[in-house]
Amino acid sequence: MHTRKRMTKRLIAVLLTFVVALSLMQTVPVQAAPKMTKHAAKSVTMLKGEKIRHFPALMNMISAKSSKPSVVSVKKAKNYVVLTAKKTGTATITIVDEDYPKTERNTYTYKVKVVQPKVEFKYVGTTSNNQMVVSVTNKTGYSFDLSLECTSRDAKGNELFKGPAVVFDVVDGSTAYITMIGKNGVAPDFKKSTIKVKKYSYKPELKYTNVTSKITMTDELDLSQVKYIEATNAYLESHYEGNTILKLQFENPTFDQVDGKADILWYDEEGKLLGVDTQSVRMAAGETWTKEIWYNNSKYIGSTTSVKNHNYYVIVPRFVKEKEYAPELSISLSGD
């Protein structure tokens with residue numbers, strides 16, 4: 001009798017243990033293995049010496065590597081990587097991160113092509129106030145903004161001025177201009193002066209296309225306000241005064257927004273370079289940009305100290321359109 005009771009108690013205990021274990025199994029969530037999602041982007045281009053940051057991670061960076069560290073090195077942080085273009089060539093970048101709440105892993109794979117920038121500097125002329133104008137021609141095959149350090153020196157190599165310069169929208173195959181100043185009435189000498197490139201800036205996930213040839217330009221010079229003033233006595237000189245008005249218009253017939261610059265090189269009636277004026281132009285698809293640009297004239301006849309009279313000009317435009325061609329990286333890549 002007692003034996004049967006003990007067996008019944010044991011059976012009830014086993015059943016209770018089983019029920020409790022089953023209830024625990026139903027309330028404790030099962031941790032599934034992280035789901036892997038692959039993201040393959042088109043190849044992007046970097047300029048030699050450039051650094052960019054890539055922010056793919058939403059939660060935690062697992063790994064980041066380059067197939068050729070000697071071409072593109074990769075430095076991993078918690079939620080971003082820094083890519084450094086070390087030499088020309090191509091490398092494959094593979095990045096793995098974990099998405100919140102750590103149930104999904106993302107793998108980003110894309111190729112990076114590193115190219116050597118080719119920028120050419122040429123002497124254009126020296127203005128009446130001893131400023132040296134230099135042209136900047138981009139022969140790289142890609143468009144970018146350019147940060148420079150310019151040091152102007154005289155014919156003996158003495159430093160006149162040193163400072164930074166930035167050239168925006170250096171469109172592939174186009175020419176832009178910078179001005180280097182002199183000091184104490186001494187003009188810089190191009191052969192003795194130096195121009196160093198500090199940084200190339202652009203967004204690698206965008207494709208830049210030179211569309212200058214597609215933009216229609218209309219320009220008209222209005223000299224109606226420029227007057228000749230005759231000298232009234234021996235102490236005064238005859239001179240010109242008034243305003244030169246340049247009516248400038250650009251028309252964008254394309255279906256894309258375009259951005260760019262128009263450099264205006266001004267000369268007097270004797271062909272003397274006066275300087276460079278740069279206009280920024282942005283046009284939506286089908287838009288026309290129009291502007292009247294006013295210049296003050298003060299040319300004294302026979303004087304060698306004041307020869308400012310805007311009579312002739314040359315316009316050098318450059319326009320580019322930007323198109324997203326690596327959408328997986330479009331928000332992630334930026335200049336470092």
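The protein exposes about 19600 Å² of surface, with carbon and sulfur atoms supplying 53% of that; the areas come from the Shrake-Rupley method with a 1.4 Å probe, and for residues only the protein chains shown count as cover. This is a predicted model, in which local features need pLDDT of at least 70 and side-chain atom pairs count only at pLDDT 80 or more, while totals for chains, interfaces and linings use all residues. Residues are numbered from 1 along each chain as its sequence is written, and side-chain values use heavy atoms, leaving out hydrogens and water.

On secondary structure, the tally is 1 helix and 24 strands. These are DSSP runs numbered from the N terminus (helices are H or I with at least four residues, strands E with at least two). Of the 336 residues, 38% are buried, where buried means under 20% relative accessible area, exposed over 50%, and partly exposed in between (1.4 Å probe, protein chains only). Among contacts between residues at least 6 apart in sequence, 69% join residues at least 24 apart; a contact here is heavy atoms within 4.5 Å.

Next, the nonpolar cores, each a set of buried Ala, Val, Leu, Ile, Met, Phe, Trp, Tyr and Cys residues joined through side-chain atoms within 4.5 Å. In soluble globular proteins, nonpolar side chains tend to be buried together. The largest core here has 23 residues, and those with the most contacts inside it include Phe144, Leu146, Leu148 and Cys150. Strands 10 (132-138), 11, 12 (159-170), 13 (175-180), 14 and 15 each put in at least two residues, and strand 11 makes the largest contribution, with 4. A second, separate core of 17 residues includes Leu246, Phe250, Ile264 and Tyr295.

Rings of Phe, Tyr and Trp (its six-membered ring) count as a pair if their centres lie within 6.5 Å; planes under 30 degrees apart are stacked, over 60 edge-to-face, and the rest tilted. That rule gives 6 aromatic pairs. For Phe144 and Tyr200, the ring centres are 5.0 Å apart and the planes stand at 80 degrees, so this pair is edge-to-face. Phe144 sits in strand 11 (residues 144-153) and Tyr200 in strand 14 (residues 194-201), so the pair ties together parts that are 56 residues apart in sequence. Both Phe144 and Tyr200 are buried. Setting aside residues up to four places away in sequence, Phe144 touches Leu47, Val119, Asn138, Asp169, Val170, Tyr200, Ser201 and Tyr202. Elsewhere, ring pairs link Phe250, Trp289 and Phe319 into a cluster.

Strands of a sheet pair through backbone hydrogen bonds, either parallel or antiparallel; two strands are called paired if DSSP finds at least two bridges between them. The open sheet of 3 strands runs in the order 12-11-14, with antiparallel pairing. Strands 12 and 14 are at the edges with a single partner strand each, so one side of each is left without a neighbour in the sheet. From one strand to the next, the twist averages 15 degrees, with axes taken as lines fitted to C-alpha atoms (for helices over the stretch in contact) and angles running from 0 to 180 degrees between N-to-C directions. Strands 11 and 14 are joined by 7 bridges, and Leu148 has Val197 of strand 14 as its bridge partner.

Another open sheet has 4 strands in the order 15-23-19-20, again with antiparallel pairing. Its edges are strand 15 (206-210) and strand 20 (273-283), each with a single partner strand, so one side of each lacks a neighbour in the sheet. Here the twist averages 20 degrees from one strand to the next. Strand 19 (residues 258-267) and strand 23 (residues 312-324) pair over 9 bridges, and Asp263 stands opposite Val316 in strand 23.

Strand 9 (residues 119-126) and strand 10 pair in the antiparallel sense over 7 bridges. The two form a hairpin with 5 residues between them, and Asn130 in the turn has a positive phi of about 65 degrees. Phe190, from the loop between strands 13 and 14, touches Phe121, Lys122, Tyr123, Met132 and Val134, not counting residues up to four places away in sequence. At 28% relative accessibility, Phe190 counts as partly exposed. By contrast, His310, in the loop between strand 22 (307-308) and strand 23, counts as buried at 7% relative accessibility.
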